[in-house]
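Biologist: I have a model open and want to learn how to read it. Can we go through it feature by feature?

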Amino acid sequence: MRVEEAISKLLNKSTYSKEVSEEIRRCEALKIDLIPIGDERYPVTLSQISDPPSVLYVIGNEKSAMNNFSIAIVGSRMATSYGRAVAAKISAELSKAGVVIVSGLAHGIDSVAHEEAVKNGLTIGVLGTGIDIIYPRSKATLFQKVMEKGCLISEFPLGTQPNKWTFPKRNRIIAGLSMGVVVVEASYKSGSLITARLALEEGREVFAVPGSIFSATSEGTNNLIKHGAKCVSSVEDILEEFGYVKRVENKRSPSDPILDTLKDGPKTSEEISMLLSTPIEEINTRLTMFEIDGIISKDLMEKFRLNL
């Protein structure tokens, strides 16, 4: 899809309308990249969700982070000292392992996750406003840090103000960019639980940090664990789910069964699943990781092949 087509669809205007031209001109002036779906820069993982944005507004020094292995860290805006300490530890250790941290630049857990990520690696902030709107205003300095050590992303037109519907909508991007979502603290009505639900719907992993049964900010996370989310007490609990410890140590076996099946020629994920008698969800997760690493690529027939 061309940029003009994507913006006209977003603004509900004709392709060559004055409004479309002005939106593109303003983005160029602000050094904001407009990346339509289908563009080679568009994040692979995000393109795979059921409702991917037709175009992304992106600004920052490390836009390539969008196609690196990413984990989202989300949680309560009213974080406790416990939640902040846990979010800081998880974000710092994941960043040091080479994982890109994705979050929503909100108060509380989101901010802690970004702050630690910019100290140790790369991070992506997903906005519930236009990319030219800093919200909350108190996070202006953090916005700048994220742009320097990663990038900011929005699907909303320039000038879009915060609204109660924009944040739940942006949560699908947080989930879609990430291979897994870690919920650190959340009440029963937390927006973080929306992100967790969206992640599950897209076949992504959901992790939750346990908390005190007496704490309202742990009601949501404890309930997630009760219903099947993986309980997190260390970063290894997250990394081992993807075999990522081996990846960052460069110890992946050349005889990986999935890669072996591709030595005989391109195959779809369904074909690989049948050959290995392995659930399609697990196959898709591994294939996405290999695609992000550039080990494999996908053709127009949705078949994967080795990049030799």
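Biologist: Which are the buried residues of helix α8 (residues 191-201)?
Modeller: First, the ground rules. This is a predicted model, where local features need pLDDT of at least 70, side-chain atom pairs count only at pLDDT 80 or more, and totals for chains, interfaces and linings use all residues. Residues are numbered from 1 along each chain as its sequence is written, and side-chain values use heavy atoms, with hydrogens and water left out.
Modeller: Now the terms. Buried means under 20% relative accessible area, exposed over 50%, and partly exposed in between (1.4 Å probe, protein chains only). Helices (H or I, at least four residues) and strands (E, at least two) are DSSP runs, numbered from the N terminus. In α8, the buried residues are Ser192, Leu193, Thr195, Ala196, Leu198 and Ala199.

Biologist: What do the buried residues of α8 pack against?
Modeller: Contact means heavy atoms within 4.5 Å. The partners are β3 (70-74), α7, β7 (180-183), β8 (205-208) and α9 (219-226).

Biologist: What is found at the start of α8, and what follows the helix?
Modeller: Look for a polar contact: a pair of N or O atoms within 3.5 Å. Within protein, one must be able to donate a hydrogen and the other to accept it, and residues adjacent in sequence count only if both atoms are side-chain atoms. At the start of α8, a side-chain oxygen of serine 190 comes within 3.0 Å of the backbone nitrogen of serine 192. Glycine 203 follows α8, and its phi is positive, near 75°.

Biologist: Which residues other than glycine have a positive phi?
Modeller: Take two cases. Leucine 105 has phi near 60°, and serine 277 has phi near 50°. Leucine 105 sits in the loop between β4 (100-103) and α5 (109-120). Serine 277 sits in the loop between α13 (269-276) and α14 (280-292).

Biologist: Is leucine 105 buried or exposed, and is serine 277 buried or exposed?
Modeller: Leucine 105 counts as buried because its relative accessibility is 0%. Serine 277 counts as exposed because its value is 67%.

Biologist: How do I read a nonpolar core?
Modeller: In soluble globular proteins, nonpolar side chains tend to be buried together. A nonpolar core is a set of buried Ala, Val, Leu, Ile, Met, Phe, Trp, Tyr and Cys residues joined through side-chain atoms within 4.5 Å. The largest one here has 31 residues, and Ile124, Ile153 and Leu177 touch the most other members. Apart from it lies another core, of 27 residues, among them Val99, Ile101, Phe207 and Phe242.

Biologist: What does isoleucine 124 touch?
Modeller: Leave out residues up to four places away in sequence. Its contacts then include Ala65, Met66, Val100, His114, Cys151, Ile153 and Leu177.

Biologist: How many aromatic pairs are there?
Modeller: A pair of aromatic rings is described by the distance of the centres and the angle of the planes. Rings of Phe, Tyr and Trp (its six-membered ring) pair if their centres lie within 6.5 Å; planes under 30 degrees apart count as stacked, over 60 as edge-to-face and the rest as tilted. The count is four. One of the pairs is tyrosine 135 with phenylalanine 167, tilted, at 5.9 Å centre to centre and 40° between the planes. This pair links distant parts of the chain: tyrosine 135 is in the loop between β5 and α6, and phenylalanine 167 is in helix α7 (residues 166-177), 32 residues apart. Phenylalanine 156 and tryptophan 165 form an edge-to-face pair, with centres 5.7 Å apart and planes at 85°. Ring pairs also link Phe69, Phe207 and Phe242 into a cluster.

Biologist: Where is the cis peptide bond?
Modeller: The cis bond joins tyrosine 135 and proline 136, with omega about -5°. Proline 136 lies in the loop between β5 (123-126) and α6 (140-148).

Biologist: How many disulfides are there?
Modeller: A disulfide is a covalent bond between the sulfur atoms of two cysteines. The rule asks for a pair of cysteine sulfur atoms within 2.5 Å. The count is zero.
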